[in-house]
Amino acid sequence: MKSVKISASGIQKVYNPGDTNEVLAIEDLNLDVREGEFVSLLGPSGCGKSTFLFMVGGFEKPTAGSLMMSGETIRGPGADRGIVFQEYVLFPWQRVSANIAYGLKIAGVPKPEQERRIAELIAMIGLQGFEEAYPESLSGGMKQRVAIARALAYDPDILLMDEPFGALDAQTRSRMIADLIRIHQATHKTTLFVTHSVEESILLSDRVVLFTARPARIKEIFKIDLPHPRSVTDSEFVHYEKAILGSLDEEVSKTIAANRDL
Amino acid sequence: MNALPSQLYSPIMDMARGNRWTPFVSILCAGILWELVILYGGVNTLLMPPPSAVLVRLFEMLGPGEGAVPDFLMIRHIAWTMFALIVGFLAAAMVSSAIGLVMGMNRTVYAWLNPIISIFMVIPNIAVVPVLILWLGLGMHTVIVVVITGSCFPIIYTAAAGVQNVPTRMIWAAQTAGATRWQILTTVLLGATMPYLIAGHKLALGRAWRAVIAGEIFAATKYGVGFMIYDARTFLDTEAMFAGLIVVGLIGVSLERILFGFIERRTVEKWGVTTSKNL
């Protein structure tokens, strides 16, 4: 059994504490993610799964509980993590190669080593010939590949992904999923993957963590025991899908009901 | 859409609808109209000279002098004006960008500086010239200070707005890659703020040009296009005054269009992030 990489216990998040518009976003979250594991965070909109991801990223602080990474409390962002956002957030003034090399430049990696690493990552994401392009000229899928390469370039321990394929069309998305599986098998990065898509989560993950409607707790954890490559038409896949969808639907209904009361 | 029938298409029609030649033809027409009004309109040419005479005067002033007129008089005036403009604008650009970036990054600095700057900003620059002359006397140095006070505010405000509009997640991406505060400033904020900085500097250069001409009218003592226009009034040399106005207009347009067009094509337009198109 691999060691625990991320350990969350008793995590609570309150927005505007003491204020009239105080919101309890996360009530009590307990989760251990092992090294090399691919874990999806799934739940209804606004349930706090991205908030939890950003806590691991070091951008948000829990109001209670302990959040540890490699046995140490997370105190802020750092280069031991890589992050990928739904909106890509590339640096538009830099070419593809410079975007990918960003973290290497920050770390002061020598130029030849940077070049070698860029070539390696460009090959991994299949963007040969686009090294000198500006992000503006790339499609959404290509931009997201560059963002993934940028996050992997400095070899972080953990990859954090916030609905990375949410803005892509269906065809691009299924190719990106296949590529991400391949990348994960090659790099074995511990990955936290926030998504709205049940299908995406089953295709990619070792475990799917289902959040309740707000205030968030973990409702259920599904261990996906299927070999890669997984197929959405596979009977076992459909079985997982039904189970997760059923459980998710209850939470979505609660969210809708709660919003109706407002 | 269907193509226009070929008999309707002609270079003249195309120009009339507006293409790259239209501005030149438009200005030419205005010049001809001006000439005709003076020829047939019974205008006192001592007060309002025809453009032909103004152009002749302009070329005389650009060339070697005759009699009492010094050699290349207009070139000297332009050179002094450009020198004051460049020194003043560069000083304003450096100081104001720094102030603006700090205001954008620090909420407290913004809250304290913003009210003071807001007041200074609505004072017409020409109104501070008398005070500056009292403090600094007449001369090029005063004109340079007038350029600075005239051009610093657009840069400060756009730089601050630029920093405030950098997407939080762009900074997160840099922090996750291990960037320190200083590295975030140099590697992310400057790049992300560039469209705003360019827009602000473009606006500021336009203001600086107006300021240098206005400043010269009151504070210059020997050379400068603004000084020349005012000085020519004393001799009722309206042709020289109009020649000066044409120079002011042409250089002003060139600075904004050509210089910043060049900078924008090489930066923000290439990155696909231009915001300054409408300024």
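Across the interface of chain B and chain A, the rule finds 2 salt bridges. A salt bridge here is a side-chain nitrogen of Lys or Arg within 4 Å of a carboxyl oxygen of Asp or Glu. The side chains of A:Glu87 and B:Arg169 meet in such a bridge, at 3.7 Å from N to O. The model is predicted: local features need pLDDT of at least 70, side-chain atom pairs count only at pLDDT 80 or more, and totals for chains, interfaces and linings use all residues. Residues are numbered from 1 along each chain as its sequence is written, chains are lettered from A and ligands numbered from 1 in the order in which they are written, and side-chain values use heavy atoms, with hydrogens and water left out.

Stay with this interface. Polar contacts join 3 residue pairs between chain B and chain A, both residues at pLDDT 80 or more. A polar contact is a pair of N or O atoms within 3.5 Å; within protein, one must be able to donate a hydrogen and the other to accept it, and residues adjacent in sequence count only if both atoms are side-chain atoms. On the side of chain B that touches chain A, α8 (168-176), α9 (181-219) and α12 (268-271) of chain B each supply at least two residues. Of these, α8(B) gives the most, with 7 residues. By class, this side of chain B has 10 nonpolar, 7 polar and 2 charged residues. Ala, Val, Leu, Ile, Met, Phe, Trp, Tyr, Cys and Pro count as nonpolar, Asp, Glu, Lys and Arg as charged, and the others, Gly among them, as polar.

In total, 19 residues of chain B are in contact with 24 residues of chain A, contact meaning heavy atoms within 4.5 Å. About 2,000 Å² is buried between the two chains, and carbon and sulfur atoms give 70% of that area. Buried area is the accessible area (1.4 Å probe) that two parts lose on being put together, summed over both.

Now take chain B by itself. Chain B has 12 helices and 0 strands. Helices (H or I, at least four residues) and strands (E, at least two) are DSSP runs, numbered from the N terminus. The radius of gyration of chain B is 24 Å, well over the 19 Å that the globule rule gives for 279 residues, so chain B is more spread out than a compact globule. That radius is taken over C-alpha atoms, and the globule rule is 2.2 Å times the number of residues to the power 0.38. Along the principal axes, the C-alpha atoms of chain B fill a box of roughly 75 × 70 × 30 Å.

The C-alpha trace of chain A spans about 55 × 45 × 40 Å along its principal axes.

Chain A is assigned domain 1 (4-80 + 157-261) and domain 2 (84-155); such bounds come from an automatic or database domain assignment. The domain centres, taken over C-alpha atoms, are 25 Å apart. Between them, 21 residues of domain 1 of chain A contact 14 residues of domain 2 of chain A. The two domains bury about 1,600 Å², 62% of it on carbon and sulfur atoms. They share 2 salt bridges. A:Arg145 forms a salt bridge with A:Asp179, with the closest N and O atoms 2.5 Å apart. On the side of domain 1 of chain A that touches domain 2 of chain A, α6(A) gives the largest share, 7 residues.
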